[in-house]
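The sequence and structure are shown below.

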Amino acid sequence: SEEERSKAVVLRVKDGRRALALLSAARFGYPARRLILIGVTGTKGKTTTAHMIRAILEASGRKTGLIGTTGIVIGDETIPTQNTTPESYTLHQAFAQMADAGCAYAVMEVSSQSMKMHRVDGLYFDIGLFTNISPDHIGPDEHENFEEYLYYKSSLLSRCRTGLVNRGDEHFHDIIKNASCQLFTYQMPGAEAEQGGKADPAGEAAAEERPDFTAAQLHFVSEPGFVGTEFQVNGRRNFKVRLGIPGLFNVENALAAIGTASLLGIDTEAVCRALEHMRVNGRMEIVHKSHRMTVLVDYAHNAVSMESLLKTLRLYRPKRLICVFGCGGNRSKDRRYSMGAIGGRMADLCILTADNSRYERVEDI
């Protein structure tokens with residue numbers, strides 16, 4: 001009734017989305033504080049790396065929840081979500097469910113949109129992992145330009161206690177310049193960080209040091225029942241790894257996961273066991289293998305990912321490389337041109353198919 005509405009308490013706030021995040025945390029009793037929280041951001045590799053970290057933690061006997069592109073995972077249950085990083089109310093509800101289910105850790109993908117839209121406001125991560133950055137998610141409904149995209153991505157390093165950053169990324173100095181956490185780095189062999197952009201004193205000191213985790217002696221392995229890589233980890237940890245997912249970029253993802261596990265004090269045996277038997281749906285996933293062919297599914301949806309995917313598959317020396325792909329509607333048109341060009345240049349045959357066309361005609365795409 002009108003009388004009841006007139007008695008309602010109304011709170012006016014400067015930003016409703018930020019207020020929702022803070023209120024949601026309070027509503028569920030600040031459940032994130034009951035978990036060791038690991039945030040993963042970057043243009044590529046978030047999903048695979050997050051799954052790798054969870055697999056390592058679970059292999060070490062630590063029950064771990066997961067939030068990301070594949071949904072909210074608690075034990076054997078997967079709850080679908082609309083966004084890579086869900087809305088704040090859903091996030092804190094999931095944290096509460098994880099803590100009540102006995103999870104000690106939570107690994108979550110942190111998208112740039114989630115930081116721009118205040119979904120993760122009020123959260124403080126025990127570890128913040130930054131995989132890489134390249135132009136993507138720039139458009140009318142996403143970010144205005146690359147500078148804004150980088151700003152929101154790198155803000156993770158001011159929301160965490162410990163940061164782990166890919167030192168081989170060309171934007172490394174820009175990524176760390178506003179970091180307020182303790183920084184550690186990892187780097188693939190041959191990757192060299194650009195020296196442009198002046199870092200702040202704390203970041204500059206970290207930048208001048210050698211990477212904390214590196215990979216060496218890389219071998220591509222294709223055996224009956226196993227397609228993957230073998231490599232040596234050097235730095236703060238020294239041991240050999242057999243990775244059950246193909247691809248050079250997955251070695252980089254694994255190195256990020258290994259670095260995270262090391263900073264959490266996870267033993268080497270659990271790391272090796274988890275990575276050898278690692279599988280991630282839609283990420284270099286082997287769906288068929290015979291003496292004639294290997295069929296893989298990968299969620300490469302931009303030029304950088306597609307180029308990296310085709311380049312790494314060439315390293316396995318296939319007799320013929322066939323690429324089947326499509327591009328989603330209502331997204332950057334530059335992505336379509338570049339994916340087409342890369343497919344035409346790097347595959348022996350490309351088959352174009354319909355993707356999620358949204359509000360565009362498939363023929364126009």
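This is a predicted model: local features need pLDDT of at least 70, side-chain atom pairs count only at pLDDT 80 or more; totals for chains, interfaces and linings use all residues.

The side chain of Asn-253 forms a polar contact of 3.1 Å with the side chain of Asn-250. When residues up to four places away in sequence are set aside, Asn-253 touches Gly-45, Thr-48, Thr-49 and Met-52.

## Thr-49 in helix α3

One of the residues touched by Asn-253 is Thr-49, which belongs to helix α3 (residues 46-59). Thr-49 has a relative accessibility of 0% and so counts as buried.

Residues up to four places away in sequence again being excluded, Thr-49 touches Val-40, Leu-129, Thr-131, Asn-253, Ala-256 and Ala-257. Between Thr-49 and Leu-310 the separation in sequence is 261 residues, and their C-alpha atoms are 20 Å apart in space.

## Arg-159 in a loop

Arg-159 is located in the loop that runs between α6 (146-154) and β7 (160-166).

Apart from neighbours within four places in sequence, the residues in contact with Arg-159 are Met-115, Val-120, Asp-121, Leu-123, Tyr-124 and Phe-125.

## The chain as a whole

The secondary structure of the chain consists of 12 helices and 15 strands. The radius of gyration is 21 Å, close to the 21 Å given by the globule rule for 365 residues, so the chain is as compact as a globular protein of that length. Along the principal axes, the C-alpha atoms fill a box of roughly 75 × 50 × 45 Å.

Among contacts in the chain with a separation of 6 or more, 65% are between residues 24 or more positions apart.

Of the 365 residues in the chain, 49% count as buried. The chain exposes about 18,300 Å², of which carbon and sulfur atoms supply 49%.

How values were computed. Residues are numbered from 1 along each chain as its sequence is written. Side-chain values use heavy atoms; hydrogens and water are left out. Helices (H or I, at least four residues) and strands (E, at least two) are DSSP runs, numbered from the N terminus. The radius of gyration is taken over C-alpha atoms; the globule rule is 2.2 Å times the number of residues to the power 0.38. Buried means under 20% relative accessible area, exposed over 50%, partly exposed in between (1.4 Å probe, protein chains only). Contact means heavy atoms within 4.5 Å. Accessible areas come from the Shrake-Rupley method with a 1.4 Å probe; for residues, only the protein chains shown count as cover. A polar contact is a pair of N or O atoms within 3.5 Å; within protein, one must be able to donate a hydrogen and the other to accept it, and residues adjacent in sequence count only if both atoms are side-chain atoms.
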